[in-house]
Every structure is written in structure tokens, then in C-alpha cells.
Amino acid sequence: MDSNSTMMGTELESDLHLLERMRFARAQLNEEICTASIDQSGDVLHALRLESSYHLCEFFFLLKANGFYETDDIHALADMHNRYLTEVLKNEEKMRRMNVTSERLLQAIFTGDTMPRLLDVWRSARGSLDQSNLARFLVTIMSTETCRKLVVAFTKAGFLERIRTPHGTVVIRSKGIVEDMFGASIRRLRLELQSGMSA
Amino acid sequence: MSSSRFLMVKAGTLALLAFLMTTAVVAPAVAQARGMDQPYSADELTASDPNLRQLRRDNPQLFEQILAAINRDASARNSGSPEELAAASPALDDLNRSSPEALLGLFLVLKGAAKGENQVPR
């Protein structure tokens, strides 16, 4: 084996190591989430193990990490969301790749009806969202039904407060558990990889 | 899932399918009458959806952008197999539809909004 192929072998080993650690971190996080659930029934654990469950955790982590829990006003986020969906609507090929229809995207745009309520609910208690508005934010990555199913599971698991308002809507708010677990998982992975690189 | 919940979901699904099947039958007929290449009007688009009516009132510029985007491929709205329509419905679509591109888009939306960026992720 010449030095070139030795180097390629080492590179490949490093690539495999990175892939392994990423897979491990994800599996470990999922295990932690399932263990932390106060409801250990099969239905709840099944929902928590869905790929979409990871994405919901990531969304809450991103809300926190980007500082949205520290502000009363999330108009900037809703506005960026609306403009992003408008961009996606212009691109048929992108919609096909995302497996999302123009009708679904249109329903997810915050309008004069839904925007004030989004802002009011958030302002009344930072981090609070109508379940329907949470589904709007997540429209490109999961169906409304998946979002509803996960909200139910996350609530039973003790990760979300889910409150039915007198208006008939459901307001949810994260208790911060999944954000912390997700953040810790990402940080562990980063530090592990950094120490591996410096070794 | 409880039996009552299952029945509600099933009833909703059937109603949705019935609506979609009606659309599948009516849309080509309408399209035939108005010409396959004829673009959709703002009134046609808003007739079917209260959210769109609201959007047209509140944000006419955005509504026009959407109308133009849809009319870019008007024939795509004229027909579809029941499978395609079912796949396109919110209640029946893939329960795990996320794509890496969509995940990146959502990440960039949150990051961009937090930093007050003007540029929308593409």
C-alpha cells in the first residue's frame, strides 16, 4: 500500500468515525428523550421515536438558541416565514422536492386573521403558540397531522404544556426540557469532535 | 387511537377525499370550458379558500405574487389521479415528509429572523 492510499484510508476512517459519532449522538438523544418521558406507554414512545420528533425538538431548540424566548415580539420570525413560503411557492420543482403543495403552503402563511393571534399569544406568555400556528411554522417539514400527533405525545411525555383556551384553540408551550436535551447533545458532539481533531 | 377518534378521522378523511374527487372531476371540465392555458383569475383562486380571500384583502401584493406563481403552471392544477390528490392532501400526505432541503430552509428562516436579515433563504 503506497502513502497515497494510506492517506485515503485514514481519511475514510475519519469520515466513518464522524458518521458513527453523528449516528450515535442522534440515537443517544432519542434514548434520553424516551427515558425522560413521564409517560412510558407504547403509543407515546412510538411517537417520540419518529424522525419528526427529532425535528420538533430541533425547532424548539432553534427558537431558544436564536433568542426568541427572550423577546415578546416574534413578528420578524413570522414575516421571514411568510416571505420564505412565498419564495417556495414560486418554485414548483422545490415544492415537489419538499413534497408539499401550494395549497398547504398558502394555508400556512400568516394572514391578517392569524398573525395578530400569533403575536398576542406569544406576548401573553413567551414561547406560547397555537397548535395550528406551530403547524404553520413546520409546514415544510411535517404534516399538520404529524404535528398534532407529536404535540399530544410531547404533552403526555411532560415536555409541553397544552392548554385549551375558551376560544376553542389549543395553546402549547415548551417547558424547556427538549431544548436542553437537544442542546446538550449537539454540544457533546461538537466537543467530542473538537477534541478528536486536536488529538 | 380511541374508536370515536378513529371514526372522526375516518369521516374527515372521507369528506376530504370526496372533496378532492369532486375537484378532480370538476377541474378538468372547467378547464376544458375556459381553455387549458387560460390563467386563473384572482376571483377563481379566492372562491375556494377563506385564507386566500383574507390574504387578498390584507396583502394584495403577496397575493398577486402567489397568483402569478400558480399561473406559471396552470395545467398542473387541472387534473390528477386520486392517488396524486390524496398525496397532496394535508390529512393524507406522508406523515414523515421532511426533506433535508426543507430542514435547512427552516433553520435559515429562524437564523435569518433572529439576526434581522433581509435576505430570504432560497
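This is a predicted model: local features need pLDDT of at least 70, side-chain atom pairs count only at pLDDT 80 or more; totals for chains, interfaces and linings use all residues.

Trainee: Then why is Cys34(A) called buried?

Mentor: Cys34(A) has 3% relative accessibility. The cut-off is under 20%, so Cys34(A) counts as buried.

Trainee: And what makes Cys57(A) buried or exposed?

Mentor: The relative accessible area of Cys57(A) is 1%.

Trainee: How do you know whether Cys57(A) is bonded to Cys34(A)?

Mentor: A disulfide needs two cysteine sulfur atoms within 2.5 Å. The closest cysteine sulfur to that of Cys57(A) is in Cys34(A), 9.8 Å away, so the pair is too far apart for a bond. Over all chains, the structure holds zero disulfides. Cys34(A) is in none either, with the sulfur of Cys57(A) as its nearest cysteine sulfur.

Trainee: What makes the pairing of the Arg104(A) and Thr144(A) side chains a polar contact?

Mentor: The distance is 2.8 Å. The cut-off for a pair of N or O atoms is within 3.5 Å, and the Arg104(A) and Thr144(A) side chains meet it.

Trainee: Now a strand residue. What makes Leu160(A) buried or exposed?

Mentor: Leu160(A) has a relative accessible area of 2%. With the limit at under 20%, Leu160(A) is buried. It lies in strand S2 of chain A, residues 160-164.

Trainee: Which residues is Leu160(A) in contact with, leaving aside neighbours within four places in sequence?

Mentor: Contact asks for heavy atoms within 4.5 Å. On that test the partners of Leu160(A) include Phe60(A), Val151(A), Phe154(A) and Ile172(A). Arg173(A) and Lys175(A) are also among them.

Trainee: On to helix packing. How do H4(A) and H7(A) cross, left-handed or right-handed?

Mentor: H4(A) passes H7(A) in a right-handed crossing. The axes of H4 (residues 75-89) and H7 (residues 114-124) of chain A come within 10 Å and cross at roughly 145°. From H4(A), the contact is made by His75(A), Ala78(A) and Asn82(A), and from H7(A) by Met115(A), Leu118(A) and Leu119(A).

Trainee: What classes of residue make up the contact of H4(A) with H7(A)?

Mentor: Four are nonpolar, two are polar and none is charged. Ala, Leu and Met count as nonpolar.

Trainee: Last, the chains. How many helices and strands does chain A have?

Mentor: Chain A has 10 helices and three strands, running α-α-α-α-α-α-α-β-α-α-β-β-α from the N terminus. Of its 199 residues, 47% count as buried.

Trainee: And how many helices and strands are there in chain B?

Mentor: Chain B has six helices and zero strands, and 30% of its 122 residues count as buried. Among contacts in chain B with a separation of 6 or more, residues 24 or more positions apart account for 53%. The corresponding share in chain A is 63%.

How values were computed:
Residues are numbered from 1 along each chain as its sequence is written. Chains are lettered from A and ligands numbered from 1 in the order in which they are written. Side-chain values use heavy atoms; hydrogens and water are left out. Axes are lines fitted to C-alpha atoms, for helices over the stretch in contact, and angles run from 0 to 180 degrees between N-to-C directions. Helices (H or I, at least four residues) and strands (E, at least two) are DSSP runs, numbered from the N terminus. A crossing is left-handed if the near helix is turned anticlockwise from the far one by less than a right angle, and right-handed if clockwise. A polar contact is a pair of N or O atoms within 3.5 Å; within protein, one must be able to donate a hydrogen and the other to accept it, and residues adjacent in sequence count only if both atoms are side-chain atoms. Buried means under 20% relative accessible area, exposed over 50%, partly exposed in between (1.4 Å probe, protein chains only).
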